[in-house]
Amino acid sequence: GFGAPAGSADPPAAVAEAEGTVGPIWCLVNNSGVTIMKAAHKHTQEDYDAVMDTNLRAPFFLSQEVARRMIADGRPGRIINIASMHSHVELKGGITY
């Protein structure tokens with residue numbers, strides 16, 4: 001397997017590196033999540049951006065790039081997004097999560 005940094009700033013480069021290492025991607029598993037434990041009124045824009053970049057932006061754009069390559073190559077594959085139980089259970093102090 002190959003692990004890309006959770007907040008990959010350049011998804012096409014991350015996917016190209018992965019494929020250069022392990023070959024064509026047939027399965028992408030998005031399994032990353034971070035939070036910054038602070039009261040809501042103490043979060044900064046940088047805190048918010050760090051959480052959203054890892055939890056939403058990176059999985060979306062990595063999935064998009066992998067899907068483009070799968071479609072272009074006519075290659076079947078799977079994209080799996082693993083979510084946290086904290087979508088259903090409160091995480092006190094994890095407001096941006």
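Is Ile82 buried, partly exposed or exposed? I looked it up: Ile82 is partly exposed, at 44% relative accessible area. The cut-offs are under 20% for buried, over 50% for exposed and partly exposed in between, with a 1.4 Å probe and protein chains only.

I noted the ground rules. The model is predicted, so local features need pLDDT of at least 70 and side-chain atom pairs pLDDT 80 or more, while totals for chains, interfaces and linings use all residues. Numbering runs from 1 along each chain as its sequence is written, and side-chain values use heavy atoms, without hydrogens and water.

Surface. I placed Ile82 in the segment after strand S2 (78–81); strands are DSSP E runs of at least two residues, helices H or I runs of at least four, numbered from the N terminus.

Core. I found eight residues in the largest nonpolar core, among them Ala14, Leu28 and Met70. Helix H1 (11–22) and helix H2 (45–73) each supply at least two of its residues. Such a core joins buried nonpolar residues through side-chain atoms within 4.5 Å.

Helix H1. Ala13 sits here and is partly exposed at 38%. Its C-alpha is 9.6 Å from that of Glu65, 52 residues apart along the chain.
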